[in-house]
Amino acid sequence: MRQLIIIGSGPAGYTAAIYAARANFAPLLIASSVEAGGELMNTTEVENFPGFPQGIMGPDLMDAMRAQAERFGTEVLLDDVTSVDFAGDIKKLSTGSNGDFEAQAVIFATGSAYRKLGLPDEDRLSGHGVSWCATCDGFFFRQKTIAVVGGGDSAMEEANFLTKFADKVYVIHRKDTLRASKIMQDRARANPKIEFVWNSAVSAILGEDALNGVTLTDTVTGATRDLALDGLFIAIGNDPRTHLIHGQLELTPEGTIAVEGRTSKTSLPGVFAAGDVIDPSYRQAITAAASGTVAALDAEHFLSALESPVTS
Ligand code: NDP
């Protein structure tokens with residue numbers, strides 16, 4: 001049995017691991033079978049993480065966090081947690097390829113997942129013109145006409161990035177005002193390749209084998225029209241990844257894991273949560289990292305108070 005297992009390899013998981021490893025808890029961090037590093041692996045330049053005045057690429061930042069966690073004795077396992085049983089004193093986890101694990105404490109830092117439009121052809125045409133990741137798929141749209149859906153920072157960032165490849169990038173937004181921060185808005189508005197399509201919802205995704213357009217519904221008048229496109233990037237936010245703990249941990253009305261005040265303590269002793277999975281509001285790399293620190297300190301306190309700590 002381990003003292004501490006951390007689930008998730010974003011800024012929250014890695015920061016929790018750095019703190020817990022430095023406190024000699026030799027944590028096991030279960031990342032993901034596909035790619036360690038979380039959402040920032042799909043980001044380009046991170047300009048607002050303190051300490052990097054020239055900015056840093058998302059994957060470089062995450063590789064550095066991982067190296068820092070490993071330097072102090074964190075074991076990183078590339079696998080998916082498939083089920084958990086957190087009810088008893090011994091926390092049990094099953095993984096896709098490496099069997100079962102037990103721990104005295106767990107930090108749950110699974111982040112959030114891309115939100116979908118909920119349209120019938122969205123999944124069918126995913127990878128065939130429909131994408132959630134500009135940095136992954138932008139390259140395929142050289143000199144094409146594409147659209148980004150959404151009005152937040154992600155949509156602005158994706159739209160700007162995609163103008164490196166595409167000739168024309170529409171930003172389709174259901175309102176006539178953006179949620180994005182001013183600097184990101186200004187950058188998108190100043191980009192000659194970007195055209196905003198206001199008060200418009202994507203009501204259908206068109207195409208047989210590959211996307212060739214969308215149907216837009218005017219959110220004010222209800223009028224519909226088709227827009228020809230080679231690609232559609234969906235950037236409408238994220239939902240906390242809580243499927244593993246449904247029925248075990250209390251959730252908030254927003255769907256995040258409920259924690260006690262400013263702590264990381266969930267509704268079960270020995271189970272701590274950090275990062276986007278507890279945060280409906282801020283969801284920044286730096287706030288997730290800070291949240292990981294809180295979880296590590298809470299877990300450390302919990303483990304130190306146990307009568308029979310595991311010595312590893
Ligand atoms: P947000 O929740 O901020 O924005 C989501 C956008 O998508 C909103 O404009 C929303 O519309 C729209 N939307 C939501 N659901 C739908 C739907 N079903 N159909 C159509 N449109 C929809 O998410 P983001 O991913 O943009 O940002 C998340 C967090 O990450 C934020 O805190 C953001 O600041 C941060 N971030 C920061 C970056 C940076 O600083 N470089 C880069 C990227 C993200 P409406 O406005 O009408 O609600």
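Q: In what order do the strands of the open three-stranded sheet run?
A: In this predicted model, the order is S14-S15-S16, and the pairing is antiparallel.

Q: Which strands stand at the edges of that sheet?
A: Strand S14, residues 200–206, and strand S16, residues 224–228, take the edge positions. Each of these two has a single partner strand, so one side of each has no neighbour in the sheet.

Q: And what is the average twist?
A: From one strand to the next, the twist averages 30°.

Q: How many bridges link S15 and S16?
A: There are five bridges between S16 and strand S15, which covers residues 213–218, and the two strands pair in the antiparallel sense.

Q: Which residue of S16 stands opposite Thr217?
A: Thr217 has Thr224 of S16 opposite.

Q: What holds paired strands together in general?
A: Strands of a sheet pair through backbone hydrogen bonds, in either a parallel or an antiparallel arrangement.

Q: Moving to another pair, how do S6 and S7 pair, parallel or antiparallel?
A: Strand S6, residues 81–85, and strand S7, residues 91–95, are antiparallel, with four bridges between them.

Q: Now the helices. Which residues are buried in H5?
A: Helix H5 spans residues 182–189, and its Met184, Gln185 and Ala188 are buried. These residues cover an arc of only 100° around the axis, which puts them on the same side of H5.

Q: What do the buried residues of H5 pack against?
A: Their packing partners are helix H4, residues 153–162, and strand S13, residues 194–197.

Q: Turning to the ligand, which residues come nearest?
A: There are 20 residues around the ligand, and the nearest of them are Asp153, Ser154, Arg174, Lys175 and Arg179.

Q: How is Ser154 placed against an oxygen atom of the ligand; what is the distance?
A: An N or O atom in the side chain of Ser154 is 2.6 Å from an oxygen atom of the ligand.

Q: Which part of Tyr282 is 3.2 Å from a ligand oxygen atom, backbone or side chain?
A: For Tyr282, a polar backbone atom is 3.2 Å from an oxygen atom of the ligand.

Q: And where does Gln284 lie?
A: Gln284 has a polar side-chain atom that lies 3.2 Å from an oxygen atom of the ligand.

Technical notes: Residues are numbered from 1 along each chain as its sequence is written. This is a predicted model: local features need pLDDT of at least 70, side-chain atom pairs count only at pLDDT 80 or more; totals for chains, interfaces and linings use all residues. Side-chain values use heavy atoms; hydrogens and water are left out. Two strands pair if DSSP finds at least two bridges between them. Axes are lines fitted to C-alpha atoms, for helices over the stretch in contact, and angles run from 0 to 180 degrees between N-to-C directions. Buried means under 20% relative accessible area, exposed over 50%, partly exposed in between (1.4 Å probe, protein chains only). The arc is that of the directions from the helix axis to the C-beta atoms. Contact means heavy atoms within 4.5 Å. A residue is near a molecule or strand if one of its heavy atoms lies within 4 Å of it. A polar contact is a pair of N or O atoms within 3.5 Å; within protein, one must be able to donate a hydrogen and the other to accept it, and residues adjacent in sequence count only if both atoms are side-chain atoms.
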